[in-house]
Amino acid sequence: MRMHLGTIGTRAKISLLLIGFAITSCNTLKRVGEDELLLVKNTIYADSLKVTDEDIESLIIQKPNSSILGYPLRLNLYNIAKKNPDSSYQDWLYRKPKRKDRLDNFLSEKQVERLGESFLVKGLSVWLKRIGEAPVIIDTSNTRKSLERLSIYYGSKGYFNNNTTFEIDSTSRKKRAKINYRILLGEPYTVDSISHSIASSAIDSLYALTANESFVEEGKQFDLGDFNAERERLASIFRNSGVYDFQESSISYNIIRDTTKMGQDRGMDVELNIDNLKRRSDTTLTTSEYKIHRFDRINIYTDYLYSERDSEQRFTRYGNYTIFYHNKLRFKPETLADAIFFEKDSIYRDLDRTRTYRQINNLNVFKYPTITFEEDSTRTKLTSNIYLAPRPKYSLGMGFDVTHSNIQRVGLAFSPSLQARNLFKGAENLSLTGRLNVGSSSDPTILDSRFFNILEFGADLNLDFPRIWFPFLNTKKIIPSYTLPRTRISLGTSFQQNIGLDKQTFNSILSYNWSPSDFRRNTVELLNIQFVRNVNTNRFFNVYRNSYDRLDEVADDFEGDPALTEFFETPEGSTDPRLIIPEGTTGFTQAILTNEVPSTAEQLQEVNSIEERRIRLTENNLIFASNYTFHKNNRNGLTDNNFFQFRWTLESAGNLLSGFANFIPFNKNDDGDLLVFSVPYSQYIKSDIDYVKYWDLSRSKVLAFHTFIGIAVPYGNSTNIPFVRSYFAGGSNDNRAWFPYSLGPGKTNAINDFNEANFKLAFNLEYRFPIVGDIKGALFADAGNIWNVFDDQEDPDAVFDGFEDLGDIALGTGFGLRYDFTYFLFRVDLGFKTYNPAEEPSKRWFRDYNFANSVLQIGINYPF
């Protein structure tokens with residue numbers, strides 16, 4: 001009976017919710033007057049063809065109210081607000097005799113006045129109006145202005161004789177209407193002939209060299225955009241060919257067209273004019289011929305402060321550079337010269353100026369530089385003055401965070417740092433960063449009774465060079481300075497206490513990176529050495545509880561065996577004997593594997609599988625790798641939502657050590673693996689491809705697609721991939737319907753605590769849209785899985801054998817909310833298991849598609 005009433009209550013709540021939405025939907029016309037029409041749609045037709053270009057649609061002044069999946073949320077929020085909350089409150093206050101007097105006596109007159117200004121009375125309405133959207137009422141004056149814009153736009157495309165009209169369609173629904181904009185284009189005008197008039201002989205010569213590359217061509221339809229693009233092209237050519245003071249405003253066009261010849265000639269005569277340089281003073285305007293400028297002197301001021309500009313300075317010459325300084329020169333002249341792309345007797349180029357700014361900033365030892373130019377009397381020679389203000393040689397920092405995770409209830413993280421700049425006078429920067437994290441864990445296996453019972457600490461030492469450092473090799477010709485080359489030598493270590501197996505990690509990296517352009521970046525890690533030591537391996541079954549439960553389930557069949565009694569204990573308050581950790585788990589495993597106690601083939605296989613995983617995850621790892629990563633994208637700024645990103649990584653590990661094994665007698669373990677410092681080194685080859693594509697839809701809506709393909713193949717000295725180099729699935733940046741490490745491998749049902757493998761496929765599609773203000777929404781679909789391939793895993797459900805295993809790709813769908821804090825984005829996603837390959841084939845679709853089995857993921861910034 002209680003269940004019945006509960007069901008009725010739930011249904012009633014759902015019904016009330018639906019009624020509430022219905023009432024809100026009916027409220028859409030609340031602020032629309034009797035003689036007014038709510039704009040619901042705009043449609044543009046050009047010669048009867050529907051126009052879907054967002055740039056053209058943006059020319060229309062009045063646009064319909066925004067909606068989310070067809071629902072006008074912001075409009076209805078606005079309608080909920082009281083139109084005049086002040087007068088409404090006063091009406092309510094005096095509606096009944098003596099109401100105000102009673103409130104005055106109960107609260108006080110001042111508090112009654114404040115009640116009218118409170119959030120619930122007035123503030124809520126103000127807030128709803130602010131985040132909401134007033135109804136868009138059709139205003140024909142704005143409609144006519146929109147027609148003018150459309151006419152001008154199509155005129156800029158050569159349709160000078162276009163004709164525009166509009167019609168209001170109000171027949172579909174009450175007090176709602178659509179507007180149809182119709183443009184009769186007519187015949188377009190084309191460029192008939194092109195001539196030019198150039199005042200400067202230098203400019204005339206430069207123009208002749210690239211005239212055939214012009215955006216404005218004879219026989220081509222007139223397009224104002226081509227003229228603007230050509231003006232920018234010419235200005236860039238001139239300013240990169242020695243004319244440092246060229247003004248884009250010097251370029252103009254004379255366009256002659258005869259609009260009287262309707263239906264006849266549509267040709268246009270175009271004349272390009274490039275005037276001389278114009279200089280304006282307070283009283284006069286002078287003109288002078290543009291000339292090619294070459295550098296005569298290049299001055300570098302290494303410690304320039306405006307307050308000390310008139311103080312005495314010393315100088316030294318390095319090549320054709322003059323370097324000024326106070327007291328002592330703190331930088332190697334070669335380092336400064338490598339950052340400057342101006343050379344004596346070379347012509348001025350804007351490109352060199354940009355590269356100089358970028359490289360000086362890349363040194364990270366100066367504040368933003370200032371570069372000025374001075375002409376000589378002939379206006380052909382330039383003096384470049386480069387003013388540099390050094391950053392402090394030493395700087396200290398301290399970071400502090402309060403953290404929470406599945407490992408710790410609360411944690412305090414400290415990260416002190418020290419940075420030393422220009423260490424060897426060549427803009428080498430040394431940074432030392434420490435890490436200390438103390439936390440409180442409720443893990444019952446931790447015997448430490450103190451509140452802060454877990455600890456992690458470590459340090460990283462990084463040394464950066466603003467060049468490619470490679471012994472006995474000059475790399476400047478291969479990787480020039482303008483690519484912003486950097487070399488990094490990194491040493492790091494970390495220690496854990498009462499966390500997992502209490503890992504100790506040591507790593508060392510020698511890496512290079514350079515960027516040939518703003519859209520391409522190369523990274524090479526010539527050496528990436530990582531040593532992982534597991535200190536407390538006896539805690540394996542405390543940490544990996546799934547493995548313990550599987551082993552204990554097998555052990556249940558042997559509880560009565562006298563030879564195994566010592567391996568069991570019965571927890572207080574329970575009647576179920578459990579294996580003792582670690583003595584019982586170790587003893588029982590050895591008894592089964594050595595056939596000391598008879599077992600079935602299935603029991604032996606299960607225990608052997610668990611033991612192999614225990615050995616793999618508790619053994620120490622030595623990874624001696626090299627890798628290369630290539631990044632490419634075409635994104636123009638943070639606001640660009642129509643771009644792609646591509647990343648490819650190739651990593652190889654163990655080959656150098658295998659080469660040394662040919663003449664160094666390495667020791668071997670019982671399995672025949674070569675040992676370095678008593679640890680078998682890992683040998684594998686690994687490659688990842690990561691691709692992201694964004695499509696900018698209308699009105700701040702974005703469709704984002706992401707794909708990831710990765711494979712790591714062990715060979716030689718290894719039969720599997722180290723845990724730290726393997727793949728996992730699930731989580732806030734992967735398949736959001738599964739928690740991290742809980743998906744796969746293959747169609748296995750997450751049999752381990754941390755499920756990982758060496759082959760991964762991931763595909764993500766997300767539709768992002770605005771909701772209210774800085775709150776945004778998303779609908780997503782995540783597909784993918786991990787598998788074992790070419791390693792020692794034998795479980796057929798976890799191994800990828802062929803294309804038929806693509807049927808094990810999991811699918812999660814869901815929705816999310818984001819709040820944009822400008823500098824970062826806070827994200828909450830709710831994922832539903834849509835297709836779960838771990839279920840029986842007949843139950844894979846939508847079996848757990850409900851809120852009870854949904855997964856809440858929290859993240860920072862977009863997942864891709």
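Tutor: A pocket here is an open set of grid points with protein on both sides within 12 Å along at least five of seven lines. Keep in mind that this model is predicted.

Student: OK. What volume does the largest pocket have?

Tutor: About 1,300 Å³.

Student: And how many residues line the largest pocket?

Tutor: The lining has 45 residues. Glu612, Arg613, Arg616, Asn720 and Asp792 lie nearest the centre of the pocket.

Student: Which elements give two or more residues to that lining?

Tutor: Helix H16 (601–618) and strand E28 (679–680).

Student: Which one gives the most?

Tutor: H16, with nine residues.

Student: What classes of residue are in the lining of the largest pocket?

Tutor: There are 18 polar, 15 charged and twelve nonpolar residues.

Student: New topic: cavities. How many are there of 30 Å³ or more?

Tutor: The count comes to three.

Student: What is the volume of the largest cavity?

Tutor: About 40 Å³.

Student: Which elements give two or more residues to its lining?

Tutor: Strand E31 (759–772) and strand E32 (775–787) do.

Student: Which residues line the largest cavity?

Tutor: Among them are Lys760, Leu761, Ala762 and Asn764. Asp782, Ala783, Gly784 and Asn785 also line the cavity. So do Ala729, Asp734, Asn735 and Leu743.

Student: How does that lining split by class?

Tutor: Five residues are nonpolar, four are polar and three are charged.

Student: How does anyone find empty space like this?

Tutor: Rolling a probe the size of a water molecule over the atoms shows where space is left empty.

Terms used: Residues numbered from 1 in each chain as written. Predicted model: local features only at pLDDT ≥ 70, side-chain atom pairs only at ≥ 80, totals over all residues. Heavy atoms only, no water. 1 Å grid on protein atoms, 1.4 Å probe; cavity = no way out; pocket = protein on both sides within 12 Å on 5 of 7 lines; lining within 4 Å. Points joined across faces, edges and corners; volume = space filled by probe spheres on them. Helix = DSSP H or I, 4+ residues; strand = E, 2+ residues; numbered from the N terminus. Nonpolar A, V, L, I, M, F, W, Y, C, P; charged D, E, K, R; others polar.
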